[in-house]
Amino acid sequence: MGKFYSAMGLMSGTSLDGVDVSIIESDGNRDYSPILDRYFEYESGLIQKILKIRDKITNIKELERHFDETKDLEREVTLFHARVVNEVLETSKINIDLIGFHGQTIFHDPKNKISKQLGDGNLLSQLTKKKVVYNFRHNDLESGGQGAPLVPIFHNLLANKINKNFNLRFPINILNIGGIANVTSTVDWKNLWSTEKIYAYDIGPGNCLIDEWIRRNSKAKYDKDGLVATSGTTNKLVLSQALENFASNPDYEKSLDVKDFDIFFAKGLSLENGAATITEFTAKLIADGMSYINEINGSLISMWLV
């Protein structure tokens with residue numbers, strides 16, 4: 001058994017709602033136990049700044065052009081994370097060995113091995129007086145990955161723990177619906193690396209399109225409990241055209257980003273009908289991605305955990 005560490009993880013996804021903080025104890029391999037989970041909402045002004053810079057940067061040249069603006073915002077994002085960390089440490093009185101700092105993604109181009117997360121790990125370490133591990137994506141991209149090295153490992157750990165408790169049958173697929181929907185096809189530990197490997201894919205939008213539609217057309221940040229979409233009606237013609245445009249050749253081997261999708265197809269629809277149509281569009285792409293993973297597993301019968 002390896003050494004156990006107490007680690008704090010900081011995560012902010014493509015939905016741009018805020019920062020999730022988790023403290024766990026783990027050997028970094030097959031054992032972990034959750035200690036604490038908290039959520040801290042971004043201030044609205046910070047969200048708008050991140051959205052603005054994210055919309056500006058569509059390629060590496062734009063990333064270079066807006067370097068100074070990005071650097072200033074990175075400091076602001078880091079200061080927000082530092083306040084979060086210090087508040088959690090002060091109120092919980094939990095001693096941690098290290099912090100895992102994801103940062104806020106504003107540009108992701110795995111083809112050219114470039115991914116930019118707003119977050120200064122050195123500054124966060126100075127402000128919290130803790131060891132900080134960051135820039136997770138760089139080595140993964142350099143090694144031919146798509147820039148998401150941690151989630152598949154954790155999903156595989158979860159699947160094996162759940163299998164042990166409930167005697168499920170592998171393959172067990174875990175679908176995580178965040179801003180983007182991603183899937184991990186997990187492996188029984190006794191077969192790992194000998195006969196099978198873990199596979200992970202981004203399979204389509206999750207909440208990102210619905211969130212963007214709500215933000216652009218109302219004062220809300222997201223469709224709470226799906227009530228807006230539920231009150232609307234899907235425009236079947238618009239949906240059919242949108243699916244036809246996207247379905248030319250979805251590449252599940254390529255990591256997807258919020259910029260790979262657009263809500264333009266719903267332009268002209270009411271708030272409610274647009275939300276309903278975009279929600280159904282999202283669900284259909286997720287379902288198609290799930291079918292693709294089932295084919296990889298060689299069977300249409302798989303255990304799915306959502």
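**Close-up views of a predicted model**

**View 1. Thr 128 and what it touches.** Leaving out residues up to four places away in sequence, Thr 128 touches Ala 82, Val 85, Asn 86 and Ile 99. This is a predicted model, so keep that in mind for every view here. Thr 128 itself sits in helix 4. Its relative accessible area is 7%, so Thr 128 counts as buried, the cut-off being under 20%.

**View 2. Helix 3 against helix 4.** Helix 4 covers residues 121-128, and it packs with helix 3 at an angle of about 35°, the two axes being 9 Å apart. The crossing of helix 3 past helix 4 is right-handed. On the helix 3 side, the residues that meet helix 4 are Arg 75, Thr 78, Leu 79, His 81, Ala 82, Val 85 and Asn 86. Helix 4 answers with Leu 123, Leu 124, Leu 127 and Thr 128.

**View 3. Gly 100 in strand 4.** Gly 100 is part of strand 4. With a relative accessible area of 14%, Gly 100 falls under the 20% cut-off and is therefore buried. Skipping residues up to four places away in sequence, Gly 100 touches Met 8, Gly 9, Leu 10, Val 133 and Phe 136. For a sequence-versus-space check, take Ala 7: Gly 100 and Ala 7 are 93 residues apart along the chain, yet their C-alpha atoms are 7.2 Å apart.

**View 4. The largest nonpolar core.** This core has 32 residues, and the ones touching the most other members are Met 8, Leu 10, Val 21, Tyr 42, Ile 50 and Ile 99. Two or more residues each come from strands 1 to 5, helix 1 and helix 3. Helix 3 gives the largest share, eight residues. There is also a second, separate core of 19 residues, with Ile 180, Ile 210, Ile 263 and Leu 269 among them.

**View 5. Helix 1 and its cover.** Helix 1 runs over residues 44-56, 13 residues in total. At 1.5 Å a residue it should span 18 Å, and its end C-alpha atoms are 19 Å apart, so the two agree. Buried residues in helix 1 are Leu 46, Ile 47, Ile 50, Leu 51, Ile 53 and Arg 54. The elements covering them include helix 3 (67-92), strand 5 (104-109) and helix 7 (208-217).

**View 6. Thr 234 and its partner Glu 280.** Thr 234 lies in the loop between helix 8 (227-230) and helix 9 (236-246). Its relative accessibility is 18%, so Thr 234 still counts as buried, given that the cut-off is under 20%. A polar contact of 2.8 Å links the side chains of Thr 234 and Glu 280. Residues up to four places away aside, Thr 234 touches Leu 239, Ala 276, Thr 277 and Glu 280.

**View 7. Helix 9 across helix 10.** Helix 10 (residues 271-296) and helix 9 have axes that come within 10 Å and cross at roughly 40°. Helix 9 passes helix 10 in a right-handed crossing. From helix 9, the meeting residues are Lys 236, Val 238, Leu 239, Ala 242, Leu 243 and Phe 246. Their counterparts in helix 10 are Thr 277, Glu 280, Phe 281, Lys 284 and Leu 285.

How values were computed:
Residues are numbered from 1 along each chain as its sequence is written. This is a predicted model: local features need pLDDT of at least 70, side-chain atom pairs count only at pLDDT 80 or more; totals for chains, interfaces and linings use all residues. Side-chain values use heavy atoms; hydrogens and water are left out. Helices (H or I, at least four residues) and strands (E, at least two) are DSSP runs, numbered from the N terminus. The expected span of a helix is 1.5 Å times one less than its number of residues. Buried means under 20% relative accessible area, exposed over 50%, partly exposed in between (1.4 Å probe, protein chains only). Contact means heavy atoms within 4.5 Å. A nonpolar core is a set of buried Ala, Val, Leu, Ile, Met, Phe, Trp, Tyr and Cys residues joined through side-chain atoms within 4.5 Å. A polar contact is a pair of N or O atoms within 3.5 Å; within protein, one must be able to donate a hydrogen and the other to accept it, and residues adjacent in sequence count only if both atoms are side-chain atoms. Axes are lines fitted to C-alpha atoms, for helices over the stretch in contact, and angles run from 0 to 180 degrees between N-to-C directions. A crossing is left-handed if the near helix is turned anticlockwise from the far one by less than a right angle, and right-handed if clockwise.
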